[in-house]
Amino acid sequence: MADLPQRAGVIIVGGGVVGCSLAYHLTRRGWSDVLLLERQQLTSGTTWHAAGLIGQLRATQNLTRLAQYTSGLYQELEAETGQATGFRKSGSLAIATTEARFEELKRGASMASCFGLDVQVMGPSEAAKLWPLMEAGDIVGAVHLPGDGFVNPIDTTQALAKGARQKGARIEEGVSVTAILQKNGRATGVMTDRGPVHADVVVNCAGMWARELAADAGVTVPLHAAEHFYVVTEPMLDLPPNLPVLRDPDNFTYVKPETGKLLVGWFEEVAKPWGMGGVPKDFAFGHLPDDMDHVEPLLEGAVRRIPMLGRTGIRLFFNGPESFTPDDRYLLGEAPELPGLFVAAGFNSIGIQSAGGAGRVLADWIVDGHPPMDLWDVDLRRVMPFQRNARYLRDRTVEGLGLLYAMHWPFRQPVTARGVRRSPIHAALAEAGACFGEVAGWERANWFAPPAMKAAGMKAEYEYSYGRQNWFEASAEEHRAVREAVGLFDQTSFAQFIVEGAGAEAALNRICANDVAVAPGRVVYTQWLNERGGIEADLTLTRESATRYRIVTAAATQVRDFTWLKKHLPEGVAAWDASSAYATLSIMGPKSREVLAALTDADLSSEAFPFATAREIDLAYARVWATRITYVGELGWELHMPVEFAAGVYEALVAAGKPHGMRLAGYHALNSLRIEKAYRHWGHDITDEDTPLQAGLAFAVAWDKPGGFIGREALAAARGPQTRRLVTFLLEDPQPLLLHNEPIWRDGVRVGHITSAMYGHTLGRSIGLGYVTNAGGVNEAFIRDASFEIEIAGVRHAARATLKAPYDPSSARVRQ
């Protein structure tokens with residue numbers, strides 16, 4: 001064996017397609033001091049047995065861009081490296097056997113058009129012509145993507161590895177990494193079975209082993225292996241030569257033409273987790289035992305779709321492991337617990353089609369010090385520490401594999417591994433008819449089945465569809481109660497951080513775009529920006545004293561935001577995550593003052609308690625921080641209290657609210673209320689790619705405060721007319737439902753897509769936010785002097801556009 005170097009610039013752990021792609025792309029960025037370590041042989045984990053499908057349409061704009069890049073890369077690798085990849089542009093055909101599935105496919109096709117993908121919506125007869133061996137009698141419609149295809153996974157990985165070597169990377173097989181070295185809170189290298197190797201950056205691309213390797217270093221990488229089944233037929237003499245890849249999601253089936261044979265695989269509803277006791281260290285090019293009882297009903301479904309299969313022998317029954325994450329999205333980025341350690345793992349059986357793009361953006365992230373685009377969908381910082389729990393991962397994996405082909409219903413909630421994080425009043429809300437959704441492990445009331453509807457047989461359970469779901473009217477009642485009377489929200493899932501120290505004001509004023517040098521008791525709405533002027537966080541700060549601030553942000557961004565905060569605080573300023581210490585109840589609506597007045601002696605008048613202020617007050621038998629702020633566009637307060645007081649305060653509020661018609665309200669109502677006010681949602685409407693100038697948030701930028709703020713220089717350079725702006729759209733027709741990613745058309749030209757949407761019950765129609773782009777600038781005249789349409793599942797609907805909030809644009813109701 002050749003001796004290992006004592007150090008390298010970057011060490012990549014794992015020689016699957018993702019690790020080799022990263023090595024390839026790092027060398028393309030000019031970083032040649034790259035050492036890739038593979039415990040066995042390249043591809044020996046899961047890459048070698050992948051089906052190799054290349055699909056370009058993903059769930060979001062940026063993931064679709066990465067998939068498009070992957071497809072293009074694989075087509076060019078052979079010419080560059082001399083190593084074939086086996087790429088074949090066969091196209092793909094996704095079929096629907098229900099109207100709901102066809103709606104899903106058509107919505108996806110509309111989204112694809114935003115990204116320049118060639119996509120064709122077709123009927124059953126056209127689909128049958130593309131796949132003549134298919135039984136098409138039950139097909140409702142289909143979508144054809146001519147640019148899709150497939151590769152040979154082993155050859156593609158070898159091509160990436162060869163390209164990396166040609167630019168100076170070193171790849172060593174037969175070297176086991178046993179631990180990640182760290183010093184002073186930073187990754188500094190790896191320990192191998194041949195001794196230590198030091199590095200500036202370590203990247204965990206260890207596939208199924210990534211969770212255990214990370215956990216030993218104190219890092220959360222939540223993934224779990226599941227058994228994945230496919231069969232390969234004997235040669236089929238009558239097989240047409242140019243069949244596209246077939247996806248039959250209603251039968252959980254995919255079919256790949258393979259040199260005169262068919263590979264038939266499944267993503268079934270109930271999967272079989274594997275490796276609960278840990279993945280064996282010596283597992284390589286491994287097969288798992290056959291399970292005909294599990295496969296037989298799946299194979300029968302495939303035979304019904306392709307009758308020729310029933311007359312054809314099976315050459316190979318294959319069962320091999322693939323790793324899955326709790327939300328079916330892969331894990332990418334720097335570990336928040338250990339700077340210098342990056343992760344690319346958990347690819348949910350789409351590693352081949354994701355590897356090119358993932359390798360490119362992670363290389364950019366490592367070289368440039370930040371991601372090159374909004375990668376929140378796959379960012380490692382979205383995961384919670386509890387999610388490394390092995391039992392949780394095993395139970396969620398039962399569901400996770402099948403979600404690849406399950407209906408992607410609007411508002412769909414997971415059904416496995418639930419009940420992890422609960423509010424102190426969870427049981428009381430359940431008794432009151434709450435239907436819960438899950439965010440970051442939190443059980444949150446999304447809507448309530450009201451007594452009259454429950455008496456009529458309604459259950460607090462989702463009945464999914466692409467139309468108005470069973471909770472639509474119940475949530476509408478909650479919405480109207482907040483607009484007309486008062487509503488009570490449980491927002492205990494808020495992430496809350498405490499920052500304290502003599503230098504807290506100066507430190508936070510540098511981090512925040514707005515001015516937080518305010519008097520104690522003031523609340524500041526602000527963004528945290530990166531050096532490029534993009535929005536890293538969107539939150540509120542309350543100054544509780546001269547040296548203490550409370551930060552309130554979203555549950556989903558708890559880890560991300562706290563990591564950003566800690567990274568930018570100087571010595572001498574302390575910060576701690578107090579999320580588990582506090583509960584939050586929010587009382588919102590024009591009668592909220594009257595309800596609170598029955599429980600406190602505090603003066604709640606606008607003169608004594610104006611908007612954007614906070615005070616510690618007596619409420620019922622508790623002391624709470626009452627913050628006059630809103631995300632629904634009405635008079636209201638967020639009430640923050642230690643968790644042990646939540647039940648008592650909740651009971652007192654419910655009793656005091658009855659004379660005023662108070663309703664319990666859920667997060668669906670919160671969303672419909674905020675969309676009427678055009679309040680932005682981080683992760684959808686604003687991301688680290690969007691600036692406050694584009695997002696209409698310049699009012700929250702304190703340009704001239706002493707010391708400036710992170711991102712000020714880039715933002716100042718971008719002042720002036722904006723070529724891309726966030727616009728609010730209201731459909732003229734009150735019936736269609738907007739969700740997100742629908743194309744925006746201006747005078748027949750596509751100019752953007754919807755970022756978030758909800759039905760606005762006060763305004764009686766769907767409302768969406770979306771960015772509009774125009775090289776000549778986006779201003780009032782550009783919006784006013786045009787006709788806009790929003791495309792839903794291939795049909796365009798007339799819409800009104802505005803740069804102002806469609807409900808109470810002056811915010812008079814908030815300040816009453």
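Tutor: A nonpolar core here is a set of buried Ala, Val, Leu, Ile, Met, Phe, Trp, Tyr and Cys residues joined through side-chain atoms within 4.5 Å, and buried means under 20% relative accessible area, with exposed over 50% and partly exposed in between (1.4 Å probe, protein chains only). This is a predicted model, where local features need pLDDT of at least 70, side-chain atom pairs count only at pLDDT 80 or more, and totals for chains, interfaces and linings use all residues. Residues are numbered from 1 along each chain as its sequence is written, and side-chain values use heavy atoms, leaving out hydrogens and water.

Student: Which residues touch the most other members of the largest nonpolar core?

Tutor: I12, L22, Y74, V203, L332 and L362, out of 46 residues. Helix α8 gives the largest share of this core, eight residues; helices (H or I, at least four residues) and strands (E, at least two) are DSSP runs, numbered from the N terminus.

Student: What does I12 touch?

Tutor: Contact means heavy atoms within 4.5 Å. Not counting residues up to four places away in sequence, I12 touches, among others, L22, L26, V34 and V203.

Student: Why is K129 called exposed?

Tutor: K129 has 70% relative accessibility, and the cut-off for exposed is over 50%, so K129 counts as exposed. K129 lies in helix α4 (residues 124-130).

Student: What classes of residue line the largest cavity?

Tutor: The lining has 10 nonpolar, seven polar and one charged residues. F411, W471, F472, L737 and M758 lie nearest the cavity's centre.

Key: On a 1 Å grid over the protein atoms alone, a cavity is a set of points where a 1.4 Å probe fits but cannot get out, and a pocket is an open set with protein on both sides within 12 Å along at least five of seven lines; lining residues have an atom within 4 Å of a point. Ala, Val, Leu, Ile, Met, Phe, Trp, Tyr, Cys and Pro count as nonpolar, Asp, Glu, Lys and Arg as charged, and the others, Gly among them, as polar.
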